[in-house]
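Hi,

Here is the structure I promised to pass on to you. Please have a look at it first, and then read my notes below.

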Amino acid sequence: MSAALSVEGLTTSLRIDGVWRDAVRDVSFELARGETLALVGESGCGKSLTAMTVMGLLPAGVGRLSAGRIVIDGVETSGLAEAQLEKVRGDAIGMIFQEPMTSLNPVLTVGFQIAESLIQHRGLSRRQARERARELMELVRIPAAAQRLDSYPHQFSGGMRQRVMIALAIACEPKVLIADEPTTALDVTVQAQVLDLLGSLQRDKGLGVLLITHNLGVVATNAQRVMVMYGGDVVESGEVGAFFANPRHPYSRALLAAMPRVDRPTADLSPIPGQVPTLADMPEGCRFQSRCPLREEACARRPPLTPLRDDPRHLTRCVVTAREAS
Amino acid sequence: MIAYLAKRLLLAAPTLLAVLTLVFVLVRIVPGDPAFVILGDQATPQALAELRGRLGLDQPLWRQYAAFMSDVLTGDFGRSLVTNRPVMTDVLAVLPYTIELTIASLIIGVVFGVPLGVWAARSRDGFADWVARIVSLAGLSFPAFVSGIMMLIAFAIHFRWFPVISKGVPLTDPVERLRSLALPALNLGLIMVAYLTRVTRSGMLKAMSEDYVRTARAKGMPTTIVIWRHGFRNVLIPIVTVIGLYLGVLIGNSVLTEIVFNRPGLGKLIIGALEKRDYTMLQGLMVIYAFIIVVVNLLTDLAYGLVDPRVKTT
Amino acid sequence: MSATASPARRNAFFGRATRSPALMIGVILVAICIVMALFAPWLAPYDPDEQDVINKLAGPSREHWLGTDSFGRDTLSRIIWGARVSLFVGFVATLAGVVVGAAVGVVSGYFGGWVDRVISGANDVLMSFPQIIMGIILVAVLGPSLFNLILAIAITAVPAFVRIARGSTLAMKERDFVDACRALGFSNMRTMFAHVAPNIMDELVVMASLWLATAIRTEATLSFIGLGAPPPTATWGGIVREGFDNLLDAPLLSIFPSIAILLVMIGLNLVGDGLRDATDPRAPT
């Protein structure tokens, strides 16, 4: 069985003040069916940009896929024209966004917004699509779904809207679901409910989920594999267990050290010194070097993403820690 | 929806009272003695006293106000000082022409302005955007009488495509009536085209960058559907706002358009009343304008209920 | 304390302003009009009121570049002198409208409560009445004179400035420095006019530049109707009317002053839009 999503050497460029700069460099990964891959990093590290590139939603003239291959459910989408891409989006791949408050159209009923892609991709009649939308609303556990089909987004709470977003994204039973910070804007209790819902849908439907988050707690409880991004580079990737037990990249370590944990006094929290450099003054070589405690001469050249000798599925883009492990 | 309607109607009542009060005050701020102003310095004291009596000017102010309000609210606008016909009769005779002109201009504004605005937003800084900029700049810059005269010279006098004087044509001759409506409506519509192009363009630019448009694109909706169903449906809200706001401007400019094209209507009536110092006619006309404004506001609120689901239920 | 005066912001403003060709064209058009108004006695080839009885309604010629009107007066000279009336009425009426409107609006927004409700309620009613009709009625009621013309146009301008000043003051009140002023024990008057007013200047200036166009248009419109500055004063609207009354004999007589009006309108609109874009780079044009 082929992977739900396979990305190879994806490079995304943004035009800033008339100059094209690589904002995401050479990202490769495979997402199996039923698997959750977490994409982690600070804001501006390229997580969302990677997701938008996979979706083919880069704004024309501002962003472009400058290299790499994207294969969604066996169909190569990189290089497809917009009209062909539209057939894949919403069908084989769905996406939910961070802001449930603004991601739904305020002037259309939620029932119609869910039904719309079924009419578009599956050729369902309005009535059939409406019936299916009701089922989907029940599936995402919206109470009194039949009565709420004709409600408008403003009549829903944030958590309920995010459920609508999920129903909308999975309407055509996609193989891949990209969830971009799906719970960041929600209350903690609602967060857990939404993640729980995502997890059960994933098991039932064999969805491959690309979970974008900056919350390592969410990663630990919901993902099987994790990829850490910094400055547009994947700096570490591996199984969740191995990653949390022994993070290899200095940036991953810093991220974990900055995370509040119940088993540790908050006074031990150490914020990462310095700031993410802007695209224009990104250092040559390792992009983390300006903030890295382990920096050495070799960091001036771009380090390769190196598998660890003891765990070939665990990779780090750091010459120093890769050497340590071997 | 019905509750919303009722609430709007209730809210319109105080506005109407306030506008009517404004009309009363405006007509009463004439410096000096209105009777004297009307009749001129040749008038005999008897004539002045008689006119004051007829206008109710010998009464205390509060009584004048009460009489004015009760007359207006019972539909009695008095009689013209010049023709002695009831003001209402003269107004109703020409009102259809003004309404016809205003609605035709509004339609022209919507038919040309809205698509131009959408088109301009789609090709930001491209050809369409420049057309939209020039059209809206022209619409905002032309005083109605200037554009009217230019159209008259070009299309009626030079090319002879349209009649120079669009006098009253009975509805039994619809072709001729439309022909005489064309230029005035185009002239008045130019302003609406300008406003609607602007608001549609900026509204579309804003809507197309909203998160829900991204959601629609993520669902794989074709570009045409994304633009019209997801983007444009939301722009209807500011479009309704602008139409409501600038219908007043349109009504104001209809006065000039009617003068230039020598068309019957409230505008010509108001100018005639000014020249002859027909104060009851003037007062009656202002009351009519006040009613029109209140009705326009009411219709705008209703339109909101149709285009914005958030209005109905909250 | 005043955010408007920061040099960095000013520089950014001028940077954006000078890069906009539309704004520059607007400035040039308005400047031409101002020069015409200021130097009318030296620029005009004839006395604007001098009648040439044998040369009535003449077309353009070497003596009269833009022809003559029905009294044989030189159209070019009357257009140049007409710039004076238009600009004078426009500037004074807008200035009066800004000052009165801003004062009322700041008071309304600053105090809030019933003061605000009464003022903004009355203002909405005033604003709902079509501006041209209001102008016509006011001049008609007050009687035609230059002063009454200015007064009428100023009155129609007031509500727009009340609304914008009130809105900006309400927004300003949310910021800390009004509380700071109160905490320092400044009087309401001092807080309002020394600290709140300067901070809403940007918006008022942009609005005023757009309203200047409206005021001049209203002046021309009222002159066209015959409610402008009394004759024989040369006004653009008045000359258009002259031409309109003789449209079949001398169509050019109405065209030339119309072009003058148009160029000023275009100039002022370009300046207004340019200023708005320069003060708020995010505002879509």
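Predicted model: local features only at pLDDT ≥ 70, side-chain atom pairs only at ≥ 80, totals over all residues.

The crossing of α10(C) and α11(C) is right-handed. Helix α10 of chain C covers residues 201-225 and helix α11 of chain C covers residues 236-245; their axes approach to within 7 Å and cross at roughly 40°.

Chain C has 285 residues, of which 49% count as buried. If you take the contacts in chain C between residues at least 6 apart in sequence, 71% of them join residues at least 24 apart.

Now to how the chains meet. Two pairs of chains are in contact, and chains B and C share the most contacts of the two. Chain A and chain C, on the other hand, do not touch, and their nearest C-alpha atoms are 15 Å apart. Between chains A and B, 25 residues of chain A are in contact with 18 residues of chain B. On the chain A side, the elements that give two or more residues are α2 (82-88) and α3 (110-122). The largest share, four residues, comes from α3(A). That side of chain A divides into ten nonpolar, nine polar and six charged residues.

Six of its six residues are buried, and both of its faces are covered. G208(A), L210(A) and I212(A) are on one side, with V209(A), L211(A) and T213(A) on the other. Strand β3 of chain A (residues 36-40) runs parallel to β8(A) and is joined to it by five bridges; L39(A) has I212(A) as its bridge partner. Strand β7 of chain A (residues 176-180) also pairs with β8(A) in the parallel sense, over five bridges, and there A179(A) stands opposite L211(A).

One residue of chain B is also worth a look. Where does M151(B) lie? You will find M151(B) in helix α7 of chain B, which spans residues 144-158. M151(B) counts as buried because it has 22 C-beta neighbours inside 10 Å, where 20 or more are needed. Leaving aside residues up to four places away in sequence, M151(B) touches L183(B), L186(B) and N187(B). By contrast, R8(B) is 143 residues from M151(B) along the chain, and their C-alpha atoms are separated by 40 Å.

Happy to talk any of this through once you have had a look.

Best wishes

How values were computed: Residues numbered from 1 in each chain as written. Chains lettered and ligands numbered in written order. Contact = placed C-beta atoms within 7 Å. Nonpolar A, V, L, I, M, F, W, Y, C, P; charged D, E, K, R; others polar. Buried ≥ 20, exposed ≤ 12 C-beta atoms within 10 Å, placed from the backbone. Axes fitted to C-alpha atoms, helices over the stretch in contact; angles between N-to-C directions. Left-handed = near helix turned anticlockwise from the far one by under 90°. Pairing = 2+ DSSP bridges.
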